[in-house]
Amino acid sequence: MKDLDTPRHHRKRQELKKQKRPGWQRCNWTLWIPVSILVLVAICVYLKDHPSDVAHWGHTSAVKTSDKNLTHYYKDANGRTMITPWTKDVDKSLPHPEYPRPQMQRKAWLNLNGPWEFDCTSMTGTLPNLNATLKRSITVPFPVESYLSGIFQADASTAHMWYRRTFIVPTDWAGSRILLHFGAVDWQATVTVNGQRMGVHKGGFDRFSFDITAALEGHPGNHQHELIVQVFDPTEFSHAPVGKQRMHPPRRPSGIFYTANSGIWQTVWLEPVPSAHVEGLDLIPDVDKGELSVLVHGSAAAKGLKVVVNASTEGHSVGSSTGFVGQTFSLVVPQAHLWSFEDPFLYDLDVTILSGRNSNGKTISGSSSRLAETSSSSSSSSSSDPSTASDVASRLTESDLGLLDSATLGRRLLKQHVKSERSAAAGTGVNSDPTRVSDAVFDAAVEDQVDYVRAYFGMRKISLGRVGGEKNLRPLLNNKFVFHMGMLDQGFWPDGIYTAPTDAALKYDIEVSKQMGFNMLRKHIKVEPDRWYYWADHLGILVWQDMPAMFWEDNVIPKPSDQEKQQYETEFQMMIQNHMSFPSIVMYVVFNEGWGQYETERVTKYVQSLDPSRLYNPASGWVDANVGDLIDMHKYVGPGALYPTSTRASVLGEFGGLGLKVDQHQWIPEDSFSYEMQANSAQLETRYSGLIAQIMALMASPEFSLCAAVYTELTDVEAEVNGMLTYDRQVIKMSLDVTHKVHSELLALSQQLNVGPVTVDQKQLKKAVAAMIAPNKGEKGYVAPPTEMAEQARKAQIPFVAVQQKAQVVESGGNSPLTTPQYQQPDSFDAATKAAGHKVAGVIHAIWRFLGRSD
């Protein structure tokens, strides 16, 4: 039988057939018997450790969304669907009707949210035929796995998805370029319009767009155009950035990982623009100079055109400046009113591109929203490529500035009516949106205007420095230290998974955080829609923005390839580029707890170069590297702190995790998880207040100089019950008065450090040190760090890092997504069985990648 593995296998098969030997006699039982036994043992051990899975099997592909057909994951203790206060407010004909890009607004747009045709499969396939109807219906922009999507399916059969709908372009858009925008699609999107392929985008967290004008040509004005989006989402079958998404979490039902998110999960919309138009804005404040750095990104036709910006507040102009599209210039903001979490003051900004000759030598004429292009009869490098200040002065006339001033005055005077205006989502009905700029603001066009957008900015500074004669660095907001007291914000919802049910729900999470006295949220390995950052800017909250981690189970699939690393860095670059102008974002977190971590020093320096105006946390927890602005510890329950270095401030990136089960408000009652369960609200308040007292001592200590702490977490998430709120946002577990009081005392004490040292509560400091030395706590599935990590920490000369989950500092050749047994349940598999399982998983992964690949 050995010859069956040789090129002579065909001849052998023929011989066996002639002998009429039964098929079972041709099996190599010495191989298949032990393999079968291992598989059975693995299944039995798995079911022993995960009994609740038995109830889920056979139900993961539920399609109907009536209550009696919902899977167990989506029911509370009484078998009811877990809903939020906003679930009932979702208009399935047009969910999320608000303007999706509040940082750069135009008048005309068409919202494509609502019912789409849908189909999915686990294997790759071809695009549906032109005008072919798909089998099912989905509500965009809710992910496939969510209740609100109407699909409600969370299994591998959703790896390949097709979305289809038709749309009519408004007739008054004639003559404009038509852009198709996607807020976010997880993970790879192939977009087709009227049978023409527009392009492919990879990345589940960044917005993207296509110019679909060519695909619309040749059709009458009322034509039903066909839009098809093919999506491939590998989730945990590649090293794509996924954050906490898992198809098969290591602790069933979820533990610290949660339901996957697939497909379109942010608003899809159309926008008419002139060929020469604004594509993006980089607005970076310089508080010390009293200036705003402005970079207007434009289309190819807009490059080199004159651009004028005007800052205003409450209808009063505070300053104007001129420059060119594609070149950085400054806007002076005299006696700037600074933005802070206590006083989130924002300026309006009018950005207008004026007619003229662009860098390609074409003359662009403007009249309101229309433009014409004519080739320049004569052009030279000096006239078509303005690059000096003298060029700016010579090409901008008094007439240009006068026209712009008159227009922006009209816009400023009309700004007071914004809240009473209603949005004009063309062709989709009228929907109230108090944040939308008034139509009259856009209608106040000037004769030479080519394109106009309305934006906003905040004047604030984030930096490292020393205050009050201290020797250690601290993060400074507007040149003063204030403690960053925040929460881990996962951004998950029981009804929408990644997508909040409504804009009001997005806003509420920030509002209630401020009511509890927090001044910071750490957006944990997820990126939100732009409107979340809009509310953070306007309500006033400091934001630590994580880069979503790659899938990191290196014992299951191969380590990240160079291509996958490049994809990670590309998505990181897009995240920074898309959020350059939001003043609430004060820090980026590069890696979290070693998940998918590699070449930390190089990656951190690279992303720092993209936006030097913010702080960078190279590794929050576990695998530290001597780079960036912060040294970060995770400690459960904690608190804890690492000694600051000469170049980095000390922060507590995660701590707490105090749990409280609230009947009727648990996602998976039989498997609730926390780091330390509390009996009732009173006990929770007492324990939490004690932790804050210890943090105050670590902050005041000149030895530790702790500067920030991130409590786990804002809300319960699936099996986790350590939130300040329940997962459905129906119950706040502690008194707002209690939390606001302890946090206010902490922030007030931190501000005293700007003047000089404060008294350290030695009793609380001793408690904090004892908590640092103590083993980490946890409920189900928690294993304390092995003792050898303490020795690694000692050798690395990092104090107290032994009580972190990871102590390794020096990465070996950049190959370190290092794993830890911390969150894994103890099992009875021996090393050989695990190795065999990893090999099988590797083969499955290779097959999956082959089947799922597409260009």
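A pocket is an open set of grid points where a 1.4 Å probe fits, with protein on both sides within 12 Å along at least five of seven lines. In the predicted model examined here, the second largest pocket holds about 980 Å³ of space. Its lining comprises 48 residues, and those closest to the centre of the pocket are Arg 101, His 181, Arg 207, Asp 530 and Asn 578. By class, 19 of the lining residues are nonpolar, 16 are polar and 13 are charged.

At least two residues each come from strands S5, S9, S14 (268-273) and S15 (278-286), and from helices H9 (503-515), H10 (530-539) and H11 (562-578). The largest contribution is that of S15, which supplies 5 residues.

Phe 182 has Phe 208 of S9 as its bridge partner.

Parallel pairing is found around strand S37 (residues 706-712). Strands of a sheet pair through backbone hydrogen bonds, in either a parallel or an antiparallel arrangement. S37 runs parallel to S28 (residues 484-489), to which it is joined by 4 bridges; within this pairing, His 484 is partnered with Ala 708 of S37. S37 also runs parallel to S34 (residues 649-656), again with 4 bridges, and Gly 656 stands opposite Thr 712 of S37. S37 is mostly covered, with 7 of its 7 residues buried.

Burial was also examined in helix H12 (residues 600-610), where Thr 600, Val 603, Thr 604 and Val 607 are buried. Viewed down the axis of H12, the buried residues fall within an arc of 100°, so they line one face of the helix. An α-helix has 3.6 residues a turn, so residues three or four places apart point the same way. The elements that cover the buried residues of H12 include helix H11, strand S31 (585-592) and strand S32 (615-620).

Technical notes. Residues numbered from 1 in each chain as written. Predicted model: local features only at pLDDT ≥ 70, side-chain atom pairs only at ≥ 80, totals over all residues. Heavy atoms only, no water. Buried < 20%, exposed > 50% of the residue type's maximum accessible area, 1.4 Å probe, protein only. Pairing = 2+ DSSP bridges. 1 Å grid on protein atoms, 1.4 Å probe; cavity = no way out; pocket = protein on both sides within 12 Å on 5 of 7 lines; lining within 4 Å. Points joined across faces, edges and corners; volume = space filled by probe spheres on them. Nonpolar A, V, L, I, M, F, W, Y, C, P; charged D, E, K, R; others polar. Arc of directions from axis to C-beta. Contact = heavy atoms within 4.5 Å.
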